[in-house]
Amino acid sequence: RYIHDERESINIGSNDVKKAGIYPILPSGLVFVDYQSDVTGCYFYFSTQVYLNGFLKVTRYDYQNGIIAGEFEIKLYDPSLSCDTFKIENGRFDYKLF
């Protein structure tokens with residue numbers, strides 16, 4: 001999204017989620033998360049995360065029709081940055097795979 005022409009984005013992804021289920025979001029997990037905000041200047045990248053926690057719950061995975069849907073929660077924190085903890089609770093997604 002854009003706030004006063006400044007970008008704020010979050011990316012959640014995985015190459016290994018191929019069925020409905022609950023996938024933990026941890027530094028060593030199958031799901032990765034990146035967050036960037038030009039508004040606050042805060043950037044949390046999966047490879048440098050000091051604290052990362054949450055889950056990705058896939059409630060629908062229909063590869064034949066190219067649909068994935070579900071819920072997620074994320075908490076990101078890096079004490080080396082002067083950024084507040086970034087949290088999303090009760091997140092939902094519906095995505096067309098192709």
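## Glu8 and its partners

A polar contact is a pair of N or O atoms within 3.5 Å; within protein, one atom must be able to donate a hydrogen and the other to accept it, and residues adjacent in sequence count only if both atoms are side-chain atoms. In this predicted model, the side chain of Glu8 makes such a contact with the side chain of Arg1, at 2.6 Å. The side chains of Glu8 and Tyr35 are also joined by a polar contact, of 2.6 Å.

Glu8 sits in strand 2. If we leave aside neighbours within four places in sequence, Glu8 is in contact (heavy atoms within 4.5 Å) with Arg1, Ile3, Tyr35, Gln36 and Ser37.

## The chain as a whole

Let's step back. The chain has eight strands and zero helices. Strands here are DSSP runs (E, at least two residues), as are helices (H or I, at least four), and both are numbered from the N terminus. The C-alpha trace spans about 45 × 30 × 20 Å along its principal axes.

Of the 98 residues, 33% count as buried. Among contacts with a separation of 6 or more, 51% come from residues 24 or more positions apart.

## The largest pocket

A pocket is found on a 1 Å grid over the protein atoms alone: it is an open set of points where a 1.4 Å probe fits, with protein on both sides within 12 Å along at least five of seven lines, and its lining residues have an atom within 4 Å of a point. The largest one holds about 480 Å³ of space, where the volume is that filled by probe spheres set on the points, joined across faces, edges and corners.

Its lining has 16 residues, with Ile12, Gly13, Ile68, Phe93 and Tyr95 nearest the centre. Strand 2 (6-13) is one of the strands that supply at least two lining residues, and strand 2 gives the most, with four.

## A look at Thr40

Thr40 belongs to the loop between strand 4 (32-37) and strand 5 (43-44). A polar atom of the Thr40 side chain lies 3.2 Å from the backbone nitrogen of Cys42.

## How to read the values

Residues are numbered from 1 along each chain as its sequence is written, and side-chain values use heavy atoms, with hydrogens and water left out. Local features need pLDDT of at least 70 and side-chain atom pairs count only at pLDDT 80 or more, while totals for chains, interfaces and linings use all residues.

How values were computed:
Buried means under 20% relative accessible area, exposed over 50%, partly exposed in between (1.4 Å probe, protein chains only).
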